[in-house]
Amino acid sequence: MKLPFQGFALLTIASSLLTINFGISLPAQAAIACEPGTVVYYPNNSLATCLLAQKMNVQVSSPVAGTSNFPCKAKSYIVFDEKGQFTSCELSEKIQIRNGNLVETCLAEYRVKFAVSDKGVVSITCTPS
């Protein structure tokens, strides 16, 4: 017995899979509001650093460590590597960092640093600004 909406359901599932595939394949792009005159670029024209004009929530995903959220403070510098990956900012609020079974609290106005090794190992450190 053929259901009347079976073809529609198959089309919906197929288009959803295509959408997910495109969403994963394309490079991430974000709009960053920087204070005028504070933007510094690498020679390859990727953003190196700038003074944030407003608070910004940076979300970083890693297959090994999952997703991390960093609330970056307005009027502080945000830093990226030459590949355009987030590396550091001053926090606008406290966060908790989990490293294995240990949980570290990183306070507001501390600088958080995010790095991923060539083997995919994530390192998140927190230091007073």
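Student: How much space lies in the second largest pocket?

Tutor: Rolling a probe the size of a water molecule over the atoms shows where empty space is left. Here the second largest pocket holds about 190 Å³. A pocket is an open set of points on a 1 Å grid over the protein atoms alone where a 1.4 Å probe fits, with protein on both sides within 12 Å along at least five of seven lines; lining residues have an atom within 4 Å of a point. The volume is the space filled by probe spheres set on the points. This is a predicted model: local features need pLDDT of at least 70, side-chain atom pairs count only at pLDDT 80 or more, and totals for chains, interfaces and linings use all residues. Residues are numbered from 1 along each chain, and side-chain values use heavy atoms, without hydrogens and water.

Student: Which element gives the most to the lining of that pocket?

Tutor: Strand 7 does, with five residues; strands are DSSP runs of E, at least two residues, numbered from the N terminus. Among the lining residues are Phe 70, Ile 97 and Arg 98.

Student: How many aromatic pairs does the structure hold?

Tutor: A pair of aromatic rings is described by the distance of the centres and the angle of the planes. The structure holds three pairs, with centres within 6.5 Å (stacked under 30 degrees, edge-to-face over 60, the rest tilted). Phe 70 and Phe 86 are stacked, at 5.5 Å and 25 degrees. Phe 70 and Phe 114 are edge-to-face, at 5.9 Å and 65 degrees.

Methods:
Phe/Tyr/Trp six-rings, centres within 6.5 Å; stacked < 30°, edge-to-face > 60°. Helix = DSSP H or I, 4+ residues; strand = E, 2+ residues; numbered from the N terminus.
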